[in-house]
Amino acid sequence: MKNVKAYGAKSAESKLDNLIIKRHEPDSGDVEIEILYCGVCHSDIHTVRNEWGGSTVYPVVPGHEIVGKVTRIGNKVSKFKVGETVGVGCFVDSCGNCDNCKNGYEQYCLEGVTATYNSLTRDGKEITKGGYSTHIVVREDFVLHVSDKLPLHAVAPLLCAGITTYSPLRHWGVKKGHKLAVVGLGGLGHMAVKLGASMGAEVTMLSRSPEKQKDADDLGAHHFELTSNPENMKKMAGSFDFIIDTVSAKHDYNDYLQLLKTNGVMIVLGVPPEPSNVHAFNLIFGRKSIAGSLVGGIAETQEMLDYCAKHNIVSDVEVIDIDYINDAYERTIKGDVHYRFVIDMASLKK
Ligand code: NAP
Ligand code: ZN
């Protein structure tokens, strides 16, 4: 066991602050990583503030958009070398035996995936602690190769915001000829715009924030519409093949289902603390579907990282020191994020 510096919260009400946590020595199949950057996902905030049905175990150390360098490897590690640049995303283990794990859907492991933080380890002995820390030790099967071609601070958010939007775009085969709407221009939303546009879709940004219009254009959106204007919403009825909903707070799914074409699919990615009701009429008139998607499997995450390296796609980020994290949370909740906060972990080592 080794003591490492981390940042986390001791209760739902407390601010994040310095903590010392233990990381185990790398086992034969493990990779020890010195964390260079970690993105700040809205899921970190939901978890720290215990907004998802009381599931948080304290102290919690969030962070699942990790990039860093390999510092040590176990003697059976074959895919990574010391000094290599690597990434870790939203989960660090799964059973490996169920149909979903065998088919590359580790995130849907039938025995329950082990999330990067706030999850019971598979031996049942510890609660996982995430990337707001100087080091992490992860089984090599859950570590990703990261290209040195791209700026690492801007790659970190690909490990969650990137794969969470890439996976449904691929699953539903979004491509040229499709009209795609993205709801909510934050961390996930801005990656959905970039990736959707790169796959050839005609992308409309649906936002409640008029000041984000120019940024949406720069990110590659073809249109920008305000959701706060009922006339606008009416005008768009029946317009889209797909809607990707990334909103983190309670909102009415029915408003968006009406914007789908016949056979259209609304893919829910955001996880507001409170549920939304769906009226059956909004599905049966036009044979519409509402679906969800959780991050992506390991092979698909590697595919996404390689796709982004090839197409020069990274996240738009604001790099912060760790002691700004509580302010960053407040700004994220207000929607004042352009478009992902990323912690420079050197600030934790000081
Ligand atoms: P984020 O950066 O905070 O972005 C959320 C965006 O939603 C905001 O920028 C804002 O965009 C919009 N929004 C926020 N509050 C709103 C409100 N009250 N009414 C209407 N719109 C509102 O969050 P994120 O990191 O992208 O995460 C988004 C959600 O996805 C979170 O719930 C997170 O937990 C979840 N998530 C899910 C997965 C998955 O696997 N499915 C993975 C990661 C995260 P505008 O200002 O443009 O309206
Ligand atoms: Zn996330």
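## Ground rules

The model is predicted, so local features need pLDDT of at least 70 and side-chain atom pairs count only at pLDDT 80 or more, while totals for chains, interfaces and linings use all residues. Residues are numbered from 1 along each chain as its sequence is written, chains are lettered from A and ligands numbered from 1 in written order, and side-chain values use heavy atoms, leaving out hydrogens and water.

## The sheet

Six strands make an open sheet with parallel pairing, in the order β12-β11-β10-β13-β14-β15. Strands here are DSSP runs (E, at least two residues), as helices are (H or I, at least four), numbered from the N terminus; two strands pair if DSSP finds at least two bridges between them. β12 (223–226) and β15 (289–292) sit at the edges with a single partner strand each, so one side of each has no neighbour in the sheet. From one strand to the next, the twist averages 20°; axes are lines fitted to C-alpha atoms (for helices, over the stretch in contact), with angles from 0 to 180 degrees between N-to-C directions.

Five parallel bridges link β13 (residues 240–245) and β14 (residues 260–268), and Phe242 has Val265 as its bridge partner in β14.

Most residues other than glycine have a negative phi, and most peptide bonds are trans. Asn263, in strand β14, has a positive phi near 70°.

Tyr58 and Pro59 are joined by a cis peptide bond, omega about -5°. Another cis bond runs from His338 to Tyr339, with omega near -15°.
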